[in-house]
Amino acid sequence: MFEQQPRRPQPPAPPGRPGRSRALVITAAVLFVGFIALTAFASFWTERLWFQSVGYSGVFTTKLWTRVGLFLVFGALMAAVVAVNIVVAHRFRPWLQIGMPDQASLERYREALVPVGAWVVAGASLLVGAFAGASASNQWREFTLWRHAVPFNQEDPYFKNDASFYVFDLPWWHYVTDFVMATTVIGLMAAALVHYLYGGIRLSAPPRDRLSGAAQVQLSVLLGVFVLAKAVDYWLDRYDLVHADGGLVTGFTYTSENAVLPAKEILAGIAVICAILFFLNVWRRTWMLPSMGLALLALSAILLGMVWPGVVQQFQVNPTEADKEAPYIAKNIQATRTAYDIDGAEMVPYTQPTDTRGGERLADDAIDTPGVRLVDPNIIPAAFEQSQQVRGYYAVADVLDVDQYEVEGQPRDLVLGVRELDQAGIDEGSQNWANLHTVYTHGDGIIAAFGNQRPADNSAQTRAGNEEPRWAPPPRGDLTEIVGDYESRIYFGEQSPTYSIVGKPSDDAPDLELDVPLGAGGEETDESGATSTYDGDTGVRVGGIFNKLLYAVKFGEANIVLSDRVHENSRILYDRDPALMVEKVAPWLTVDADPFPAVVDGKIKWILDGYTTTDRFPLSQKESFDEMTDDALEDENAFQTIPTDKINYIRNAVKVTVDAYDGTVTLYEWDEDDPILKAWMEAFPGTVEPRDSIPDALLDHMRYPEDLFKVQRYQLAKYHVEDANRFYQANEQWEVPEDPNSRSSSLQPPYRLSVSTDGEQSRFSLTSTFVPVKRQNLAAYVTVAAEAEDPDTYGKIRILDLTAGTTEQVQGPGQVAARINADETLQRELLSFTSGSDAQVQYGNLLTLPVADRLLYVQPIYTIRETGQGSFPVLQFTAVSFGDDVGFGATFPEAIRDLLGVDEPALVEPQPEPDGGQGGGSDDPAERVRELLDEAETAYDAAQAALADQDLAEYQRQVDIASEKVAEAIELADQLGTLNQGGRSRR
């Protein structure tokens, strides 16, 4: 390309140190580049092996070739445009006379380029192309969705486009347009530089001679293409208004429809005219008209794009904003409720009547049914670890999980902790490479305690501070007696080591991997050296020297190559956190931050929820996902798959399981109507199993996801109001209350409880509360049915609105917590546990339950005492608030008695009652309350005895009797005003 000139002979390099220094520098550079290349290859190849080992190699190859294809196509386009513009500019350079004064300073640069010109062009083009290709490869999600777009069958009311255009098509066309503009700018810069270097552009020449004819033609074409692409960009920007931020609501507002939209259309038209003027400049050879067009475009962008919308907002909208914005608010409400799947939420007026005939629910809770969960999953992990970890190298999660299992034929809420490996608990002297990566490789089993912690007839033991959680079943709380034998080893979990190498050299070789030394009955044995070995299919075979070397580089550990414990049968397990595994095999999902365990068909399964999200659903309110899901228990954010943290559409598209033993990942289609899921299933065929293939045993443990509920409750705080005028006034807005136990003003998390909000049977649900904005009284109570096996109720959101049709204020969680904390009698009782010791009081989760047409607050109160192995929480009291007063006791029934102001029941034998237990008793109402509670306690004891004998019919009969007695007692006590007296005088 560039003319070759004869080279001047170069003198030989002087002998000695300079030559050797250059050789050392070159050697070091080669070694450095080789190390970087080896590291990159090791990372790439081991990633490929990981996907193969979990059975999702198709995801890896599809994503890889999509990114490679985008890199090559867009990189080649950018490189070609740059190279062509450089070559054209050089080919049509002007003939320069030798000695021209304005070119003398550039002559040496032109001479320097002559021998290496082709290399400079190739290098510059490839470098710019590599950057462009890397940028394009990061757009693989947008490209994939564009290729596999699926209609939403929902049109926006302004442009009449299907929502799929905004979600699938528009992002890709925006990128293509931006790429064209970037390409023309880089090409323009490259052409201008070459023209300047070879005299096509002469800044010191007279105005008419500053550009050669060839330079003017080339630059005019490039500028015309750029401005034409800008016209397309303006036109596409019109559609962005349906999900634009910055107004009163996300999407169209009065200003955007009447000022911004016309401005975009006018600017697009001006840009087209300006582009035509640049193209005409190829023949007219004058810059006046194109310059005027460009100046008009810039001025119009300022006046129409910035000034005019501000004028319209200030002088037309602000004076009558409620009237102007009402139609747009109404459309935003409708779209937001649809996009967040809250349009089916049921609002129920909920007042505080004097009639308490709904007390059956409270009675059921009082006799130890699943509703009142006294075990706080955030406090009790220390008790789980100290009582059940068996060895110091096992631990449970910081926040435990809550699930339902059938115990003795009855569904029971259980608090679960997975006994995972904690290598920090290994003796420091034993923390060598072999132990950490080939011996201590896995956890073992699930520990369970009943959610309604209540010692058996031993409140004195509670007061002595000796109570442990009520294990299910005792003594070790292992689930074997409930679910039968199951594979308890946990190689894939939330606390798994970075990597473990498992497997033994031959069938007759000894096992190396340490197991939990438990006997058949759950008791700890003396076999502290019990071992087993992993024989699952997941995991990469690492016996060959090639794989050994790659993993030695990946983990920076030479022992992988040198150790005899890495042999032909060895497998290496890594990247085995369940959430991380799902993020990798389904990189298009936003994964819920809280995997939870369940025993299904003899295996421990981690169950996760995957969401499809977008920030481009038309007219729906856009909010930060992290902000919507943040609360007192949220310690990490969900994996995000969109460029921004903000979203305005979410669906629980996929349910996922990860086998805790062999790491098998299975994705099940859950939302069969979600277009985004359909698009990804088309892009990655065979990765998602159909919904009807979910086993019934697994479906029994699937539940409504927490992050989705948090997002929905965040939106319902405002969007429970469906009238545009009331929404604008904002005096009915709610917010999630602060957690009374949080020191950082974090929001109260949702709780999983078995509750009934319709007076019918209780359902396992996610629950939360609302308070008015910047106030503490209770505004609403919201639940969502969480039992996936019941399709008729699953996902049904029900809001008990306490502000509807009443001026009576109900105390919110913060106010109730303050009342409990300020109770003098309770504080004196607690002082007996903390005085003269290192124990501290810690208040547990403040639960809210609808009971007897009212709301019952229940809070467990723990003392945390230090032991030789750390802190140990002990449940000392349960506090309850029902109406305006507080009661407490060592057990939940005692707290209810204290609230009603009655004495402990006398120990009497069950007596037959006339008329089936209805009628009879004292004429004194206060005495009658005591008698009713005594009878309920007697029936409760009889129910427990029947349950122990597995006589479920008698158990249910006695439960019904107890429920009726407690309901009657509550109603009578309420009529007497005892609830408001609280029984404090008897203390």
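**Exercise 1. Find the residue that pairs with Arg703 in a salt bridge, and say where both partners sit.**

Step 1. In this predicted model, the side chain of Arg703 meets that of Asp594 in a salt bridge, with 3.7 Å from N to O. A salt bridge here is a side-chain nitrogen of Lys or Arg within 4 Å of a carboxyl oxygen of Asp or Glu.

Step 2. The two residues are 109 residues apart and link distant parts of the chain: Arg703 lies in the loop between α21 (696–699) and α22 (706–719), and Asp594 in the loop between β14 (590–591) and β15 (596–600). Helices (H or I, at least four residues) and strands (E, at least two) are DSSP runs, numbered from the N terminus.

Step 3. Arg703 counts as buried because its relative accessibility is 2%, while Asp594, at 26%, counts as partly exposed. The cut-offs are under 20% relative accessible area for buried, over 50% for exposed, and partly exposed in between (1.4 Å probe, protein chains only).

Before you go on, two notes on the ground rules. Residues are numbered from 1 along each chain as its sequence is written. Because the model is predicted, local features need pLDDT of at least 70 and side-chain atom pairs count only at pLDDT 80 or more, whereas totals for chains, interfaces and linings use all residues; side-chain values use heavy atoms, leaving out hydrogens and water.

**Exercise 2. Which residue forms a salt bridge with Arg752, and are the partners buried or exposed?**

Step 1. The partner is Glu706, and the closest N and O atoms are 3.7 Å apart.

Step 2. Arg752 belongs to strand β23 (residues 751–755) and Glu706 to helix α22, so this pair links distant parts of the chain, 46 residues apart.

**Exercise 3. Describe the salt bridge between Asp245 and Lys646.**

Step 1. The closest N and O atoms of this pair are 3.7 Å apart.

Step 2. Asp245 is in the loop between α7 (213–240) and α8 (254–284), and Lys646 is in strand β18 (residues 646–647), 401 residues apart.

Step 3. Asp245 counts as partly exposed because its relative accessibility is 42%; Lys646, at 34%, is partly exposed too.

Step 4. The structure holds 20 salt bridges.

**Exercise 4. Which residues have the most contacts inside the largest nonpolar core?**

Step 1. A nonpolar core is a set of buried Ala, Val, Leu, Ile, Met, Phe, Trp, Tyr and Cys residues joined through side-chain atoms within 4.5 Å.

Step 2. The largest one has 135 residues, and Leu479, Trp588, Val665, Leu667 and Met702 have the most contacts inside it. Helix α6 (residues 163–197) gives the most to this core, with 9 residues.

Step 3. Look at Met702: leaving aside residues up to four places away in sequence, Met702 touches Ile607, Lys655, Tyr668, Trp670, Ile694, Ala786, Glu787 and Ala788. A contact means heavy atoms within 4.5 Å.

Step 4. Another core, of 60 residues, lies apart from the largest one and includes Tyr350 and Val858.

**Exercise 5. How confident is the predictor, and where does pLDDT stay under 50?**

Step 1. pLDDT is the predictor's confidence in each residue, from 0 to 100. The mean for the protein is 83, and 82% of its residues reach 70 or more.

Step 2. Residues 353–370 have pLDDT below 50; beyond near neighbours in sequence, this stretch has 61 contacts in the model.

Step 3. Over residues 978–987 pLDDT also stays under 50, and the model has 35 contacts for them beyond four places in sequence.
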